[in-house]
Amino acid sequence: MDPQKYWRQIPARYRLEAYKCKNCGKVFFPKRLICDNCKSREFVKAEHSDKGKLLTYTVIRTGPADFQDQTPYVIGVVESENGARLTAQIADVEPENVAIGMKLRMAFRKINKTGDAGVIMYGYKAVPEFE
Amino acid sequence: MREVAIIGVGMTEFGELWDKSLRDLLVESSLKAMDDAKVDAVDAIYVGAMSSGLFDNQEHLASIAADYLGMVGVPATRCESACISGSLAFKGAFLDVASGYSDIVLVTGVEKMTDVSGDKAVAGLSTAADDEFEGYNGVTFPGLYAMIANAHMKKYGTTRRQLSLVAVKNHANALKNPNAQFRMKVTPEAVEGSVMIADPLHILDCSPITDGAASVVVAPLELAKEKFAHHKIVKVIGLGHATGTIALHSREDITELDAVVKAGERAYKMAGLGPDDIDFAELHDCFTIAEICELEALGFCAKGEGGLMTERGETLPDGKIPINISGGLKAKGHPVGATGVSQIIELVEQIRGDAGDRQLKKADIGLAQNLGGSGGSSIVTILKGLGSRV
Ligand SMILES: [Zn+2]
């Protein structure tokens, strides 16, 4: 991946920066320029929420070429407490212990390595949240 | 708007066609449709292709089409909307003719996918998802549909066996389609015993990687009646087009293909018809779960009952509404840009009564539904036969 494409997304991938529509309050991750709910173009940084629940998931057995060495891995749709949704790997749990509705917490993790130099790419994964 | 008819159809066989290049496929299919229409020139060309750049290092198919069809100078347009690129090209041609701008228009959907390795073909396909926020985290296309399947099973009690029955039916249908890539019978046990790709989807839940092209020729209805009545006239009575979110996670209800709901509503409204008026349909079964969600989205059954409807046999060739009599993407094959046009061809052949061994008894009104990505776009087309063969 070209560095500029990677660096551009660091606020979203490293810090889960979400934005809230100033007018209607809808939370977006990643950032958008116009709200699809009310068409407002003004946003404020949203309260960061690293807690959420699992809406659905799968276990990837055959992955894209550069993820093949990680298989099997679990990936799912996570809805955070502020309403923002994202797709993330579900880590630190055996596939058979993953269930729709389970409570999760977002964590900063290594996602992949790329190219011959094995440059490491970072981002978010979700891990089980124990109360 | 002028009314529009389909006056010619033609396609290549679907499969791993190593002896045929991208342009061979494009031209072979186009000429077949032009021969079927009995035209040797057209006013415009529309080409549907998802990613000839990634799959074959060749963009600018509009020029290639005109050039290699011996029609340099004719305006040509290439359309892209992932897996609905073929239907989008058809829509372009429909509007071109309906508006009165052009009379005879050729539509060709094409994809040459086996000139690159399987890994590269899969990577190319995955560009139809959200690269920055889905692909980056390691999601695959089967993975996205697997997440839809898991959510559907949890919410509605759809069973693993019901998914299998979609594959079993479509493979059985393909046995009667000489153009199909996989003419082999499968059993539910074979589907469930095949290698797991993304739980709960096995390899036999997935459509294959395919080379192929499919073409139709369209003309104004009045001109078709006057000059092209050597076939039963097939009229375009409904065409609905809609978008959905690019990322699955942004979809309010993960089990609902809302782009299909909207495209279907628009097509039904234009045709002045509802789901009960449709005799048969070609649905975009890129994965078995997709066909189940589409049955629901198009109103062929209630929300959540697509699996049950399949299990009851209502989608079999002798059922309430035969679905994917061609074998569907699942068994006929899925050369992405060609798929939408090939669905339309199946409707035309059935309506004309030219479908050979797989001819349905009642096939006056047919519906084709094409789906892009994990639901980011959809086009629904409704065709009707007029009068009898001249
Ligand atoms: Zn808003």
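Begin by selecting the interface of the two chains: 27 residues of chain A are in contact with 27 residues of chain B, where contact requires that the C-beta atoms of two residues, placed from the backbone, lie within 7 Å. This is a predicted model, in which local features need pLDDT of at least 70 and side-chain atom pairs count only at pLDDT 80 or more, while totals for chains, interfaces and linings use all residues. Residues are numbered from 1 along each chain as its sequence is written, and chains are lettered from A and ligands numbered from 1 in the order in which they are written.

On the side of chain A that touches chain B, highlight β4 (51-60), β5 (73-80) and β6 (85-90) of chain A, each of which supplies at least two residues. Helices (H or I, at least four residues) and strands (E, at least two) are DSSP runs, numbered from the N terminus. The most is given by β4(A), with six residues. Coloured by class, this side of chain A shows 15 nonpolar, 10 polar and two charged residues; Ala, Val, Leu, Ile, Met, Phe, Trp, Tyr, Cys and Pro count as nonpolar, Asp, Glu, Lys and Arg as charged, and the others, Gly among them, as polar.

Next, select chain B by domain: domain 1 (4-118 + 209-233) and domain 2 (124-207 + 237-384), with bounds from an automatic or database domain assignment. Their centres, taken over C-alpha atoms, are separated by 23 Å. The contact takes 37 residues from domain 1 of chain B and 35 residues from domain 2 of chain B. On the domain 1 side, the elements giving two or more residues are β1 (4-11), α2 (52-56), α4 (85-98), β4 (105-111) and β7 (212-220) of chain B. Here α4(B) gives the most, with seven residues.

Now display helix α7 (residues 160-174) of chain B with α11(B): their axes come within 8 Å and cross at roughly 95 degrees. The axes are lines fitted to C-alpha atoms over the stretch in contact, and angles run from 0 to 180 degrees between N-to-C directions. The pair is therefore roughly perpendicular, a term covering 65 to 115 degrees. Show Gln162(B), Leu163(B), Val166(B) and Ala167(B) of α7(B) against Thr288(B), Ile289(B), Glu291(B) and Ile292(B) of α11(B), which make the contact.

Finally, centre on Gly304(B), in the loop between α11 (288-297) and α12 (306-311) of chain B. Not counting residues up to four places away in sequence, Gly304(B) touches Lys155(B), Tyr156(B) and Glu296(B).

Note on methods
Angles under 35 degrees count as roughly parallel, over 145 as roughly antiparallel, 65 to 115 as roughly perpendicular and the rest as oblique.
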